[in-house]
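Hello,

Here is the structure I promised to send you. Have a look at it first, and then read my notes below with the view open beside you.

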Amino acid sequence: MTITYGTPLRAAILDAAAALFDGGTLSLFGGTRVGSPAVAAPATPLVVVKLPLQAYRPAAEGEALIAGDWTGTALRSGDATWFRLADRSAALRIDGSVSGPGGGGDLILTTTSITTGEVVRVIACTLSGGAG
């Protein structure tokens, strides 16, 4: 049996979770993803994005969509394969997959092929959860 949440509760849970990442960071990496968000990430990400002070829009229909401009300048070249989303203190973290449009990743970039010095733009990094 699956627990279901009423729409207002599901939105409140997502909004609270999304608010944890306000002003946090998003780091993009190439290669194999580490085992869990508790494991240290590689020392040099491809890109680090400073998240807006409101990183996500208010949740609707079980999803919280990114707010503002999620862009960063590439620190090095490579193919982005995974990301780490972290709160301001870097204590709370989410790891996920990266793809280009239509690729089915947890985070969508305009392109996963990154070149040093270029501006990298996040199209989507949706938080979702709970059955309605």
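Start with Asp 95, which forms a salt bridge with Arg 84; their closest N and O atoms are 2.7 Å apart. Asp 95 belongs to strand S7 (residues 93–99) and Arg 84 to strand S6 (residues 82–86), so this pair ties together parts that are 11 residues apart in sequence. Both residues, Asp 95 and Arg 84, are buried. Please keep in mind that this is a predicted model.

How many salt bridges does the structure hold? There are 2. The other pair to look for is Arg 121 with Asp 69, where the closest N and O atoms are 2.6 Å apart. This pair links distant parts of the chain, 52 residues apart: Arg 121 is in strand S10 (residues 119–124), while Asp 69 is in the loop between strand S3 (63–64) and strand S4 (71–73). Arg 121 has a relative accessible area of 40%, so it counts as partly exposed, since that class lies between 20% and 50%. Asp 69 is partly exposed too, at 44% relative accessibility.

In soluble globular proteins, nonpolar side chains tend to be buried together. The largest nonpolar core here has 28 residues, and the members that touch the most others are Leu 26, Leu 28, Tyr 56, Trp 70, Leu 107, Leu 109 and Ile 114. Two or more residues come from each of helix H1 (7–19), strand S1 (25–29), strand S2 (47–50), S6, strand S8 (107–109) and S10. H1 gives the most, with 3 residues.

Leaving aside residues up to four places away in sequence, Ile 114 touches Leu 28, Leu 46, Val 47, Ala 74, Arg 76, Ser 77, Gly 78, Ala 80, Leu 109 and Val 120.

Finally, a few words on S1. Why can we call S1 largely enclosed by the rest of the structure? Because 4 of its 5 residues are buried. Which strands does S1 pair with? One is S2, in the antiparallel sense over 4 bridges, and here Thr 25 stands opposite Lys 50. Another is S6, also in the antiparallel sense, over 5 bridges; Phe 29 stands opposite Trp 82 there.

Happy exploring, and write back whenever you like.

Best wishes

Key:
Residues are numbered from 1 along each chain as its sequence is written. This is a predicted model: local features need pLDDT of at least 70, side-chain atom pairs count only at pLDDT 80 or more; totals for chains, interfaces and linings use all residues. Side-chain values use heavy atoms; hydrogens and water are left out. A salt bridge is a side-chain nitrogen of Lys or Arg within 4 Å of a carboxyl oxygen of Asp or Glu. Buried means under 20% relative accessible area, exposed over 50%, partly exposed in between (1.4 Å probe, protein chains only). A nonpolar core is a set of buried Ala, Val, Leu, Ile, Met, Phe, Trp, Tyr and Cys residues joined through side-chain atoms within 4.5 Å. Contact means heavy atoms within 4.5 Å. Two strands pair if DSSP finds at least two bridges between them.
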